[in-house]
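Subject: Structure handover

Hello,

Here is the structure to be passed on to you. Notes on what was found in it follow below.

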Amino acid sequence: MPLEPVTVQVRGRAQVIPVDELRAELDAEEGAPRSLAHLEAVVRCNDPAAAVRRLRRVVRRGDAGVTTLQAVFGLVRLEARDAAADLEALAQKLGGSPGAIAQAASLLVAGRADALAVAVAADAVLAHASPQPYLHLPTVPSDATALFGAWTAVLREEAPRTGVTALRAFVGDVAEAAFRSLQHGARPNDLLGDADREFLVDLVCGELPGTTDFIAARGMSWLLGALERHDETARAAIERARERFRDPEFQADCEAMLTGAAWPPRPHP
């Protein structure tokens with residue numbers, strides 16, 4: 001199938017990556033993509049096999065930085081099972097939080113969410129980092145319930161003793177991960193279970209009103225809107241977030257949640 005131009009969003013504006021630039025990126029043997037927009041176009045192009053090969057070459061370089069992490073997320077989006085070993089090697093090279101992201105991505109593309117759940121219970125860095133690649137999965141893993149159980153167990157343990165900034169960032173990531181799974185068709189009680197769902201909703205309702213991190217607040221709000229938007233405490237938390245963050249897209253999301261529009265929305269292609 002011949003390549004087609006790809007339109008990506010850059011700072012809220014559409015940018016078209018033409019076929020010749022896209023082909024050059026896919027064929028490049030060395031070096032990082034010329035921009036994050038070009039990397040996004042690689043992920044979204046209509047030749048996923050070539051995209052996976054290019055992203056694996058980026059990951060094998062092992063550079064620390066945003067481009068490499070975006071390539072990791074791209075491999076998760078493409079469910080690139082063959083890239084699991086490359087991602088594990090990157091994890092060993094990078095270490096720290098970036099390495100934990102790559103380690104989680106390696107297990108997720110390999111279809112081993114159960115193994116990731118076990119590892120999360122024993123590694124706080126991995127626990128905090130692992131929701132980030134999970135957000136990019138286009139489907140719900142068969143062992144997602146075990147993984148959310150592991151994340152919730154870590155939250156139960158850490159909530160009383162963790163600083164609010166780190167806690168809220170983690171809550172926001174777990175909340176967005178759950179929201180993305182709901183977008184992909186997971187049933188709330190199947191994904192979380194009654195006890196974990198109640199705990200997570202209560203925690204989000206408690207932390208969202210004071211959250212100054214927009215990304216964390218957005219994930220928390222999205223999940224509350226999907227689980228409890230008719231509950232007065234949840235609605236009040238969403239309204240507080242709407243008042244604090246004036247991002248136009250988030251304002252539209254809050255309006256949809258609070259007025260009874262279809263929620264969660266279908267995931268973007």
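**Cavity and pocket**

The largest cavity holds about 30 Å³ of space. This is a predicted model, in which local features need pLDDT of at least 70 and side-chain atom pairs count only at pLDDT 80 or more, while totals for chains, interfaces and linings use all residues. Residues are numbered from 1 along each chain as its sequence is written, and side-chain values use heavy atoms, with hydrogens and water left out.

On a 1 Å grid over the protein atoms alone, a cavity is a set of points where a 1.4 Å probe fits but cannot get out, and a pocket is an open set with protein on both sides within 12 Å along at least five of seven lines; lining residues have an atom within 4 Å of a point. Grid points are joined across faces, edges and corners, and a volume is the space filled by probe spheres set on the points.

One cavity of 30 Å³ or more turns up in a search of the whole structure. The lining of the largest cavity consists of Y134, L135, L137, T139, V140, R180, S181 and H184. By class, four of these are nonpolar, three polar and one charged (Ala, Val, Leu, Ile, Met, Phe, Trp, Tyr, Cys and Pro count as nonpolar, Asp, Glu, Lys and Arg as charged, and the others, Gly among them, as polar).

The largest pocket has a volume of about 2000 Å³. Its lining has 43 residues, and E40, R77, H136, R180 and H268 lie nearest the centre. The pocket lining divides into 21 nonpolar, ten polar and twelve charged residues. Elements that each supply at least two lining residues include β1 (6-10), α4 (66-77) and α16 (248-259); α2 gives the most, with six. Helices (H or I, at least four residues) and strands (E, at least two) are DSSP runs, numbered from the N terminus.

**Helix packing**

Axes are lines fitted to C-alpha atoms, for helices over the stretch in contact, and angles run from 0 to 180 degrees between N-to-C directions. Helix α10 (residues 144-158) packs on helix α11 (residues 164-183) at about 155°, with the axes 11 Å apart. The two are therefore roughly antiparallel (angles under 35 degrees count as roughly parallel, over 145 as roughly antiparallel, 65 to 115 as roughly perpendicular and the rest as oblique). In this contact (heavy atoms within 4.5 Å), F148, W151, V154, L155 and E158 of α10 meet L167, F170, V171, V174, A177, A178 and S181 of α11. Ten of the contact residues are nonpolar, one is polar and one is charged.

α10 also packs on helix α13 (residues 194-207), at an angle of about 50° and with axes 11 Å apart. These two helices are therefore oblique to each other. G149, T152, L155 and R156 of α10 make the contact with A195, D196, F199, L200 and L203 of α13.

The axes of α13 and α14 come within 10 Å and cross at roughly 130°, so this pair is oblique as well.

**Backbone details**

The peptide bond from W263 to P264 is cis, with omega near 5°, and P264 is in the segment after α16. E79 is not a glycine, yet has a positive phi of about 50°; E79 lies in the loop between α4 and α5 (84-94).

Regards
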